[in-house]
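Open the model in your viewer and keep the selection panel at hand. The tour below goes from one selection to the next.

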Amino acid sequence: MDVRDIVREHYGRAELTSSILRALSEAGVTVDPLATADLAAVDQLHAGFLPATQHLLDALDLDARSRLLDVGSGIGGPARAAAVTCSCQVTGADLTPEFVSTATELTRLVGLSELVRFTTSTADHLPFPDGSFDRAMMIHVGMNVPDKRAVFAEVRRVLVDGGRFALYDQMRVADGPLPFPMPWADAEDSSFVESSQEYAEHLTAAGFAIDDTQDRTAQASGPPPAGDGPRIGPEAVFGAAFMARIHHNIEATSAGLLAPVLMVAHAV
């Protein structure tokens, strides 16, 4: 089976939007109307949750004039966070049709459709003209990408000269077997974890210069931040068994094999 088909099958869920809304309602959230803050417990599907997203958005230096591309946008949490934070135009592209339809519907429900839109697309063949965006981000996507250089070259094509690109992925910090299943893959055949050094090589070859590399393990450790929001999490999207995958990820991080790493580069 093609890697893309494995990834689509891994992430695709029937009636995903209704499952999320039902979980929110059962947690005591009023879903009509729905606010972006109500979704933070389920739509920030990466290490460090919403604070990690905000840190990445700060690194992108966005403003209301920015045109932002979210590569592998999932159900749209980071894209919506960018729109709320900066009032900028955001376009998300994702391989999984169910993610795109859910992202579109959730964005409509929180009233952000004029700022945020989503399209179904592979990351190495984006349906946008050259120089369409000022900024780009990619959050916990590279672990499913075997040819990162091709993806980075495509991001470079759609960015203006000098455009900033921020990536936040699980990266290798030591050799050793990973405890599958992981959140992004059932087995090694669809897991393509690489080191920050390899990312830097791919980015440079694609036409980027590296500005910053940060190991965010300390900041991303632990449960979601406490607050007044619903007491739910990624299991609302992927099912209760997903929590075992998260524990495997934590195990690999604790063993010094993986780390959540933020890299920021600019197009040259």
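Which exposed residues does helix 11 carry on the face turned away from its buried side? Select His-247 and Ser-254: these are the exposed residues on that face of helix 11. Bear in mind throughout that the model is predicted.

**Helix 11**

Now select the whole of helix 11, residues 242–254. With 1.5 Å for each residue, its 13 residues should span 18 Å, and the end C-alpha atoms lie 19 Å apart, which agrees. Next, colour Phe-242, Arg-245, Asn-249 and Ala-252, the buried residues of helix 11. These cover an arc of only 70° around the axis, so they sit on the same side of helix 11.

To see what that side packs against, show helix 1 (3–11), strand 5 (159–172), helix 10 (235–238) and strand 7 (258–267); the buried residues of helix 11 pack against these elements. Then go to Gly-256, which follows helix 11 and has a positive phi, near 80°.

**Gly-176**

Select Gly-176 in the loop between strand 5 and helix 8 (196–206). Gly-176 has a relative accessibility of 24% and therefore counts as partly exposed.

**Helices 2 and 6**

Move to helix 2 (residues 16–26) and helix 6 (residues 97–109). The two pack with their axes 9 Å apart, at an angle of about 45°. That angle makes helix 2 oblique to helix 6.

For the contact itself, show these side chains:

- from helix 2, Leu-16, Thr-17, Ile-20 and Leu-21;
- from helix 6, Glu-98, Phe-99, Thr-102, Glu-105, Leu-106 and Leu-109.

Coloured by class, the contact of helix 2 with helix 6 shows 6 nonpolar, 2 polar and 2 charged residues.

**Thr-91**

The last stop is strand 2 (residues 89–94), where Thr-91 is found. Is Thr-91 buried or exposed? Its relative accessible area is 6%, so Thr-91 is buried. Display its surroundings to see what it touches: leaving out residues up to four places away in sequence, Thr-91 is in contact with Leu-68, Leu-69, Asp-70, Arg-117, Phe-128 and Phe-133.

Methods
Residues are numbered from 1 along each chain as its sequence is written. Side-chain values use heavy atoms; hydrogens and water are left out. Axes are lines fitted to C-alpha atoms, for helices over the stretch in contact, and angles run from 0 to 180 degrees between N-to-C directions. Helices (H or I, at least four residues) and strands (E, at least two) are DSSP runs, numbered from the N terminus. Angles under 35 degrees count as roughly parallel, over 145 as roughly antiparallel, 65 to 115 as roughly perpendicular and the rest as oblique. Contact means heavy atoms within 4.5 Å. Ala, Val, Leu, Ile, Met, Phe, Trp, Tyr, Cys and Pro count as nonpolar, Asp, Glu, Lys and Arg as charged, and the others, Gly among them, as polar. The expected span of a helix is 1.5 Å times one less than its number of residues. Buried means under 20% relative accessible area, exposed over 50%, partly exposed in between (1.4 Å probe, protein chains only). The arc is that of the directions from the helix axis to the C-beta atoms.
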